[in-house]
Structures are given as structure tokens and as C-alpha cells.
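Here's a quick briefing for anyone meeting this structure for the first time. Take a look, then read on.

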Amino acid sequence: MSCNTAMTLPVNCDDDVVSNGADTEVQVISYRDALHRTMHEALRLHDSVIIIGQGVDDHKGIFGSTIGLAQEFGLDRVMDTPLAEEGMTGVAIGAALNGLYPIQTHIRADFSLLAMNQIINLAAKYKYMFGGRFEVPMLIRMIVGRSWGQGAQHSQSLQSLFAHIPGLKVVMPSSSQTILDTYPSVIAEYRGPVISFEHRLMYDLNFQIDPLLTKQKRDPFGSYVVRQGNDITIVATSIMVLEAMRVADHLAKVAGIQCEVIDLHCVSNPDWNLMMQSVEKTGRLVVADTSWREYGVCAEVCRVVAERNPGCLRKPVVSLAMQPAPCPTAKSLEDMFYPDLRQFANAIATLVHGNEEHGIQLPDTQSMADVYKRFKGPF
Amino acid sequence: MNSPEIFERLFFQALRIRLVEERIIELYPSDAIQSPVHLSIGQEAVAVGACEPLTNQDLVFCTYRSHAFYLAKGGNLNEMFAELYGKITGCARGKAGSMHLAAPEVGLMGASAVVASTIPHAVGAALAAKRLNKKQVIVGVFGDGATEEGVYHESLNFAALHRLPVVFLCENNGLAVHSYQKARQSFEISGHAQSYGLPVHHITEGYDFVKVAGVMSEIIDHVRTDQAPAFVEIQTCRYKEHVGPGEDFSCGYRNIEEFQEWKQHDPLEQFPKLVETFRPMILKEIDAAIDFAERSPFPSIEELLCDVV
């Protein structure tokens, strides 16, 4: 269990280093560079690691996260692949069974649907089905798209499909810190299949990272309190953690509302005790997920609260998620498809105040628009 | 490859597999084995011949019809029966049953109930073998139906592209469940495999374990030396129904003459004296394995959630 407050807010800082007032320095590193650093270190530290995926060796290098690695470590370790998602996932499983540690990439999570047979029928079951006689250590990186017309097949956030399946660990890094805390430890120490949902819109964001936090070696399959507060609990995943932090800042400033924000992070095995302690303290709960509400993270959080201690809730739970439709491309529709900051703030203000006549000033910015407005597509 | 000694050794192995499966048929009505069985009777020579040139370090990936490959590769008979009985002493602690036999200690790397799904595992294991310089040969075993799956083609392409030390072994019994090959395929398996640039071998006498062993020996030497893939299609004949212990010639979907013709060539049918020579020794081993399975305990509650992650 972790109760540490991580600095997850993206910063608009061009400097690489700022002082945190202690002896150690807080560094600033983008999500992309954190990914690149972990990929580089994995190849450097472990001879068994290979990175396989479409375009991992090209000039774009999975949005910059694998650039230059093929040149440094060779094409036999950073392998471009045919367009064969199921086959290549099977190849990764076979390689893992015979001594390698494959890191497989899907530049959109949507493409992993072609590999569901290998992920669900094989990778997830190989250990259990054979009585523990095999291990399939591998990391599958899936990138979730959003904005700039990604549309129905480049935007799906499929964590609940995989988290539903016993045998898979599913993580959703919400910051550079969580990447740097999670990937090296997973690659070095965990001997099973891990699926990581990275969010495309965070690649360009700079985050503060704290070496003190890194030293604490947080559980890579844990959940984290990223902001402490007594009025309401926000349980969030991936980029919704950033939204939660922004809305919490706003409400603290304009209304003195103190939100506690939990980054669920390992959605397959969340730290439910951590969450329940928070909900029992605040009595109010908002769930903010990157996917659909139905049968997903929102539903699962509600199940756990309902089973463990429904009486601790002073108000009904509010879920913030995508609208129950495929993702549209038109900007006007897409803006309505995703929950925005005003809805988020209004939900919290209503819960804390007790009704919709809360009179609390809502943020006038669009959802994260000023933070990731630099994303101009196309992909 | 044609010495009487080799013939007798392979005959013994093939007979052992057949007698094991015939015992499974006998036991099946008792419900002691509560697991769908896909019997290899009629196809033993493929497994016996194919595994003859392999070492314990060489790896084989299989299908749900894998009793024969499990035993031919050297899997433990006690653990196999215990697995079929759902006992803790089974090769997978009672979590696999008939369809997912494995014996990693002798290179039998598992079997899947989803058609074609282990073919890319053989390719991936070959990728690891090559990269880690293990000098292994990897064999991916699949049926004719698997060649209709996309992942089969993805696997051949990748192995040929990267010249990986893998043998694709198609056990062609001409049937996918109850459907003949000609009702399913617009292509010819070996010819199509050749288009990936693989050296292709086709053995029509899949009942002849000595011949299979001879051809496989050449293929495996080539794959091991050249570190490049190869393809072999072996015609064979499934004597029993797709799943279960019985025969189903009366159901009308298959031609009994083909089966009778095949049996004319089956050494296990043609050399009854040799069968009688070996039978007592094999039956004794089977009796002991069944005794082991029956005396073993069922897995208990602590096994239920063990080895999930």
C-alpha cells in the first residue's frame, strides 16, 4: 500500500531540473523520454530483452519511445515485424518460453484485438493451465489514442477487457514517474505477461519526477494516493488522473474543497484497501476512467465499494467516462464524447455541497485543452 | 535407418502409445477420466518417427491431439494418467487434462485446444534459440485444419523471413472434426508452404515410422546446421471419432474404405507376433501407471488459485 503523494502534474517548464528544497533534485522528464529511458535501460541491462513491433526500428520509433535503439542494440533486438498481430504475439510467447523477455508494441490498443486469442487463450493461461511449469514473462505496450479525429478504431481504451482475464496484469501509467517506477521493476522481476496502456496525449507532456519517490520502490502493481484530501475521493486511471489533479486544484482554489486523488494504476489488481480507506474517510466517490462506464473500471470500483462497505457512502457514486458510443471524429462530437473539466468539477461540487445549487465557480477551460493543445496529430 | 533394431524400437514405441490409448477407451465409461480425449490411434507413427531424431533439448509444441507426441517425446506415463484422472501428481497438477499435456523436462512445451495457436510459439522459441545460440531445433506440430488459420501463414512468413530453426510438421489426417480437407481448402498444403521459400517434404506413407524417422532425421540435421526452417507434411489416418473413445464410420461423413486400406499398411496391424512379444511388458507399465493415478490424491483448495499469475 502506498500513501505517498506523487507529483504527477505536467509542467510547462523548459528547464530540466528544479529544486525541491531538499538535497535531491526534482527532474523534469516527458512521458515519451521516460518510456525511451526505460526501453534503453531494459536493452542495456538485460540481454534477454527484445523489442518487437511494427515500426520499432523506423525514424518515428513508436512516437519517439524506441528511436535510435535499433542502431544501438541491433535489428535482432529491436525488430520490426510483419503486419501479423496474432502471429507476433504468439512469437513473443514462444520466445518468452525459451528464455527471452519480449517487449511488444501496438501503436494503437485497437490493433491488439487481432491478438486476443494469443493474449487471452495462451499468454494468460500458460502458467496455470500447465500447473505452473511454464512462465511467460513479457510486456505488451498498447497506446491509447485521443483527439485530432482518432475516431472509432484509434481511440479505444481496452483495459477492462484484459483486466477481466485472470493471469494478466494490466497497468496504466499516468505519468513519467509511474513509467520509471513500473517498467524497470516489471521487466527485471516479474515473470508473467503484463499489459500496459500508455496514453498518446501524455507522450508530449513534461512531468516532474522525484528521485526520493523512485528510491521508495513503489509496488509496480499497486495503486497510489497522488493527492490527499478529506472531502471527496476521486479514483482515476491514466490521463484521467491528470484531469482529476486539475479539477482538484481548481476546487481547492475557488471553494476550498479538498479532493483525495487515487491513481488506480494497476487496474487488474488495484489496491482496494487503499481505496476503501479513502472512501470511508471522505464518504464521497467519483470514478474517472478513460473507457466506457459499462462493465469497466467504473463498474468494478462500484462493485467493490458495494461489496465491502456500501454504508460508508454519504452520496451515490458518480462515474465519469466516455459516452456509450464508438468514438466520433468530428471535434464537436468528440468534445461531448469525453467527460470535460466542467462536468468533472460540477460532479464534485454537487456531491460535496449536497445539491446542484452549489454556486461554485466551474473552470472555463476545456478538458485538458490548455495542457495538451500541442497535440496537432496526425497520429 | 532400416535396421531391424530401429524398426523394433519404433514399433515398440508406437505400440505403447496405441495400448495406452486403448486402455483409455476401456476406462472411459467408468468416468475416471473426465476430460475430452482426442485419440491419436492411427497416427502414432508420425509422433514416433518425428521425435526419433530429437534430443531432450529440442522443443515440440503440440495440439490437443497429443497423447502420442507426449509419449514419443519422453513424457512420463504415470504423470500422464494422473493428469487424465485429474490428480495432483499429473504433469500439470490436474489443471490440464488430456488437451494440454506438457513435459518441459523433455522438451514437450505444451498443447493447446485452440487450432493453430501453438504454431507461432514454435517460431518464437526458435527465435530465442537462435538469438541465445542454443543449437536447438523447434518443432511445431499441427493438423491440416490449422493451415486454414491466419496465424499459420503469419508464422511461416516470419520463420522464413528470419531463417529460424523451426520445423513445421503438418499431421494431415484429412479431417477437421467431420469435414474433409477438400471441403475446406482451395490450396494444396505443401505447394502453398513452398511459396514461402521453405524446403518442403511430403511423406505419404505416414504409417511407416521408419520412413518418417529417416526423413525427419535429414530435415532436423539441415535445420540444426543451417539454422533455417523447413516444412514437412505427413499423411496419416485418424481411426477414431474426432473427440471421444469411439468410432463413427456409421455416421456417414467419412469413407470406411480409406480407413481399411490404411490399416493394410499399419505395422501395428500387420505384425501381430511382434505385438504379442511386446504387449505384456507394456501392459505391466500401463497397469502401474493407472495404479499410480488411482492412488494419487485430487488437488485441494490451495491449488485452485495457485499459479494464476
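How many Å separate the centres of domain 1 of chain A and domain 2 of chain A, taken over C-alpha atoms? In this predicted model, the answer is 26 Å. Domain 1 of chain A covers 10–215, and domain 2 covers 224–372.

**Where the two domains of chain A touch**
- Domain 1 of chain A puts 25 residues into the contact, and domain 2 of chain A puts in 22.
- On the domain 1 side, helix H6 (159–163), strand S8 (169–171) and strand S9 (193–199) of chain A each give two or more residues.
- That domain 1 side is made up of 12 nonpolar, 11 polar and two charged residues.

**Where chains A and B touch**
- Here chain B brings 34 residues and chain A brings 32.
- Strand S2 (108–112), helix H5 (119–131) and helix H6 (150–161) of chain B each give two or more residues to the chain B side.
- H5(B) gives the most to that side, with 10 residues.
- By class, the chain B side has 20 nonpolar, nine polar and five charged residues.

**A five-stranded sheet in chain A**
- This open sheet runs in the order S11-S13-S12-S14-S15 (chain A), and its pairing is mixed.
- Strands S11 (224–227) and S15 (318–322) of chain A sit at the edges with a single partner strand each, so one side of each has no neighbour in the sheet.
- From one strand to the next, the twist averages 25°.
- Strand S14 (residues 285–292) of chain A pairs with S15(A) in the parallel sense, over four bridges.
- A:Ala288 stands opposite A:Leu320 in S15(A).
- Helix H13 (residues 341–353) of chain A packs on the sheet, and its direction makes about 170° with that of S15(A).

Note on methods. Residues numbered from 1 in each chain as written. Chains lettered and ligands numbered in written order. Predicted model: local features only at pLDDT ≥ 70, side-chain atom pairs only at ≥ 80, totals over all residues. Domains from an automatic or database assignment. Contact = placed C-beta atoms within 7 Å. Nonpolar A, V, L, I, M, F, W, Y, C, P; charged D, E, K, R; others polar. Pairing = 2+ DSSP bridges. Axes fitted to C-alpha atoms, helices over the stretch in contact; angles between N-to-C directions.
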